[in-house]
Amino acid sequence: MSSPVEENQTPATDSAATPKRRVSDRTIAISCIAFFFGMVGMAFAAVPLYAMFCQVTGYGGTTQRVEQMSDTILDKKITVRFDANTSDGLPWQFKPVQREVTMNIGETKLIHYEAKNILDKPTAGRAAFNVTPQAAGAYFNKVECFCFTDTVLKPGEDMQMPVVFFVDPDIVNAEELKGVNTITLSYTFFPIAMPAPVAASANVKKDKASGQL
């Protein structure tokens, strides 16, 4: 009589364990999905945080943006060279008007870059920049520049773009830059989508407004 009882108990045990396994599997799956989306969110958040870190520290050759000029000028010279590049897909001729300038450390300088659209239709670009040696980025201060600004050039149009900058006098105290007498400022223009015409945007808004009435 004992054997039939034992045989009936085994399926009951398996039946009770099955829902628990399903709950456990579901918990693991939800945890994995949450972890995945959390990692994706952190990856997107890392981009602006990294950019902010570079702007504050000059890491990666990122220059500093300031609102006022230096009030200290040293009797020590430094040469700043200018480099220009265009990414694939942007039909522009892009170059510095002058290749280099020798200046006093702390002195404010104005130079220009020049861009020309060689295509027979309007094109748009946006410039990124860096400084070499990379450690010099923390001491290269720009008062005015065209970086990260959307620029549209008509067919055959050329434009001069100013850069106002100075080299922070504290650069002479940087151990990693001892003996460095030349800094290179490099810009690269990348293609971007053409902005929508103002008239077209106004018509779209008008159409949307009409559709809501």
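Which residues of the largest nonpolar core touch the most other members? In this predicted model, the answer is F94, Y113, F146, V163, F165 and Y187, out of a core of 34 residues. Several strands contribute: β2, β3, β4, β5, β6, β9 and β10 each supply at least two residues of this core. Their spans, handy for finding them on screen, are listed here.

| Strand supplying at least two core residues | Residues |
|---|---|
| β3 | 92-96 |
| β4 | 100-104 |
| β5 | 109-117 |
| β6 | 123-132 |
| β10 | 182-192 |

Let us step back to the whole chain. The protein chain has two helices and 10 strands, and reading along the sequence gives the pattern α-β-β-β-β-β-β-β-β-β-β-α. Of its 213 residues, 28% count as buried. The protein chain exposes about 13900 Å², with carbon and sulfur atoms supplying 58% of that area. Among contacts with a separation of 6 or more, 76% are between residues 24 or more positions apart.

Is M159 buried, partly exposed or exposed? M159 is partly exposed, because its relative accessible area is 27%, and that value lies between the 20% limit for buried and the 50% limit for exposed. Leaving aside neighbours within four places in sequence, M159 is in contact with Y113, E114, A115, T151, V152 and L153. The C-alpha atom of M159 is 9.7 Å from that of H112, although the two residues are 47 residues apart along the chain.

The second residue is S70, found in the loop between β1 (64-65) and β2 (77-86). A polar atom of the S70 side chain lies 2.8 Å from the backbone oxygen of T72. Beyond four places in sequence, S70 touches G106, T108, F166 and P169.

Finally, a friendly word on confidence. The mean pLDDT of the protein chain is 78, and 61% of its residues reach 70 or more. Where does pLDDT stay under 50? That stretch is residues 40-61, for which the model has 22 contacts beyond four places in sequence. Where pLDDT is low, the predicted coordinates should not be read in detail.

Definitions and conventions
Residues numbered from 1 in each chain as written. Predicted model: local features only at pLDDT ≥ 70, side-chain atom pairs only at ≥ 80, totals over all residues. Heavy atoms only, no water. Helix = DSSP H or I, 4+ residues; strand = E, 2+ residues; numbered from the N terminus. Buried < 20%, exposed > 50% of the residue type's maximum accessible area, 1.4 Å probe, protein only. Contact = heavy atoms within 4.5 Å. Areas by Shrake-Rupley, 256 points an atom, 1.4 Å probe, with all protein chains shown as cover. Polar contact = N/O pair within 3.5 Å; in protein donor to acceptor, adjacent residues only side chain to side chain. Core = buried A, V, L, I, M, F, W, Y, C linked by side-chain atoms within 4.5 Å. pLDDT = per-residue confidence, 0-100.
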